[in-house]
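This report describes the surroundings of the ligand, the sheet and the packing of the helices. The sequence and structure are shown first.

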Amino acid sequence: MTQRVVISGLADGMGRQTALLLAAKGVSIAGFDVDEAGLKTLADELDTYGVEHHLVPLDITDRAGVRAFRDDVLARFGYVDTVMSNVGIPFFGPFEEVDLERALKAFEINVIGAAALFQAFIPGMRERRQGKLVAVASLVGRIPFPFESIYSSTKFAVEGMVQSLKFEVEPFGIKVALIEPAQVSTGFAKKALKLPEPTSPYYERAMRFIERDNELVEQATTPAVAAAKIAAVVLSDKPALFNQVDRMSTLFFFLNQHLPTRVRDAILLNHMRIRD
Ligand SMILES: NC(=O)c1ccc[n+]([C@@H]2O[C@H](COP(=O)([O-])OP(=O)(O)OC[C@H]3O[C@@H](n4cnc5c(N)ncnc54)[C@H](O)[C@@H]3O)[C@@H](O)[C@H]2O)c1
């Protein structure tokens, strides 16, 4: 039976690669993104696999738009097997200097956006007593890194929200999974680059962090490799709750589990080359 999968933020990065991998397996794809040009080229690529697809330009903060998208998808597909909440924006900067209006926007996109998407599709899954919700969170949704206080707190929020709603929807046959990447070589990190001013007391350490981060992104897991792991979770009958896609996250979760926090943190600061 053809699987039907919804992915938010699929014009680029891991969402796009996951959509393509799933399409190669014959999965029908629906999704939305703010990047209209990216959606067009993706639609052309999906056509080459001959799968059914429905891609619309939409901002995840448009709540009525998300519900209308859900109505369209259900009208076309009848039902969906999996909804993957993948939209996320980065946010970098010393906490003391964070513009809180921008921070609120990041919460609106990363957290409330995921909530809106899941809320839209849960009723249909609950009635069918079948379905899967997959949320792309992050390593920093369980282990915070410096200069990512806002981004990290959005991902902690996603982790908490998903682990909480899991208890509520599981009795209706709905499965829930989290994807926790550390670093994948998409264009994501570059979108965060609002650098602190050279006069900032955090400037020197923040720049060292960015330099190290850029170095790590160069060697990071590719979106295609990450997507293969994500696609396996999307198609799994019994997905694990926590899923890593790259070695860095697996390593840090291991350290987190087995070492005292102060040792873990010293390793983390050394790893990012910002231990004074
Ligand atoms: N790349 C990494 O290293 C990394 C690490 C940890 C977690 N993540 C998470 O993985 C997910 C995917 O990241 P990626 O690296 O593929 O990023 P990406 O920037 O390549 O892709 C994100 C997509 O979401 C879209 N998008 C952004 N804001 C939107 C909005 N308001 N409404 C609709 N679409 C919107 C973008 O246009 C883009 O196509 C994100 O949730 C991100 O937080 C990424």
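In this predicted model, the shell around the ligand divides by class into 11 nonpolar, 11 polar and 5 charged residues. The shell holds 27 residues, of which Gly9, Gly13, Gly88, Thr186 and Phe188 come nearest to the ligand. Helix α1, which spans residues 13-24, gives the most to this shell, with 3 residues.

**The sheet and the helices on it**

The strands form an open sheet of 7 members, paired in parallel and arranged in the order β3-β2-β1-β4-β5-β6-β7. Its edges are β3 (53-57) and β7 (242-243), each of which pairs on one side only. At the β3 end, strand β2 (residues 28-33) runs parallel to β3 and is joined to β3 by 5 bridges. In this region, Ala30 stands opposite His54 of β3. Helix α2 (residues 36-49) packs on the sheet here and touches both β2 and β3. The direction of α2 makes about 170° with that of β3.

Elsewhere on the sheet, α5 lies across β5 (131-136) and β6 (174-179). The direction of α5 runs at about 165° to β6.

**Helix packing**

Two packed helices are described by the angle between their axes and the distance between the axes.

| Helix pair | Angle between axes | Distance between axes |
|---|---|---|
| α1 and α7 | about 60° | 8 Å |
| α4 and α5 | about 20° | 9 Å |
| α1 and α2 | roughly 15° | within 9 Å |

What is the orientation of α1 and α7 to each other? With an angle of about 60° between them, α1 and α7 are therefore oblique. Helix α1 passes α7, which covers residues 223-235, in a right-handed crossing. On the α1 side, the contact is made by Gly13, Met14, Gln17, Thr18, Leu21 and Leu22. These residues meet Pro223, Ala224, Ala226, Ala227, Ala228, Ile230, Ala231 and Val234 of α7. The contact of α1 with α7 comprises 11 nonpolar and 3 polar residues, with no charged residues.

The crossing in which α1 passes α2 is right-handed. Arg16, Ala19, Leu20, Ala23 and Ala24 of α1 make this contact with Leu42, Glu45, Leu46 and Tyr49 of α2. By class, the contact of α1 with α2 has 7 nonpolar and 2 charged residues, and no polar ones.

The remaining pair in the table consists of α4 (residues 100-128) and α5 (residues 149-169). Their angle of about 20° lies under 35 degrees, and α4 and α5 are therefore roughly parallel to each other. This crossing is right-handed. From α4, the residues in contact are Ala103, Ala106, Phe107, Asn110, Val111, Ala114, Ala115, Ile122 and Arg126. Their partners in α5 are Ile150, Tyr151, Thr154, Ala157, Val158, Met161 and Val169. The contact of α4 with α5 is made up of 13 nonpolar residues, 2 polar residues and 1 charged residue.

Methods
Residues are numbered from 1 along each chain as its sequence is written. This is a predicted model: local features need pLDDT of at least 70, side-chain atom pairs count only at pLDDT 80 or more; totals for chains, interfaces and linings use all residues. A residue is near a molecule or strand if its C-beta atom, placed from the backbone, lies within 6 Å of it. Helices (H or I, at least four residues) and strands (E, at least two) are DSSP runs, numbered from the N terminus. Ala, Val, Leu, Ile, Met, Phe, Trp, Tyr, Cys and Pro count as nonpolar, Asp, Glu, Lys and Arg as charged, and the others, Gly among them, as polar. Axes are lines fitted to C-alpha atoms, for helices over the stretch in contact, and angles run from 0 to 180 degrees between N-to-C directions. Angles under 35 degrees count as roughly parallel, over 145 as roughly antiparallel, 65 to 115 as roughly perpendicular and the rest as oblique. A crossing is left-handed if the near helix is turned anticlockwise from the far one by less than a right angle, and right-handed if clockwise. Two residues are in contact if their C-beta atoms, placed from the backbone, lie within 7 Å. Two strands pair if DSSP finds at least two bridges between them.
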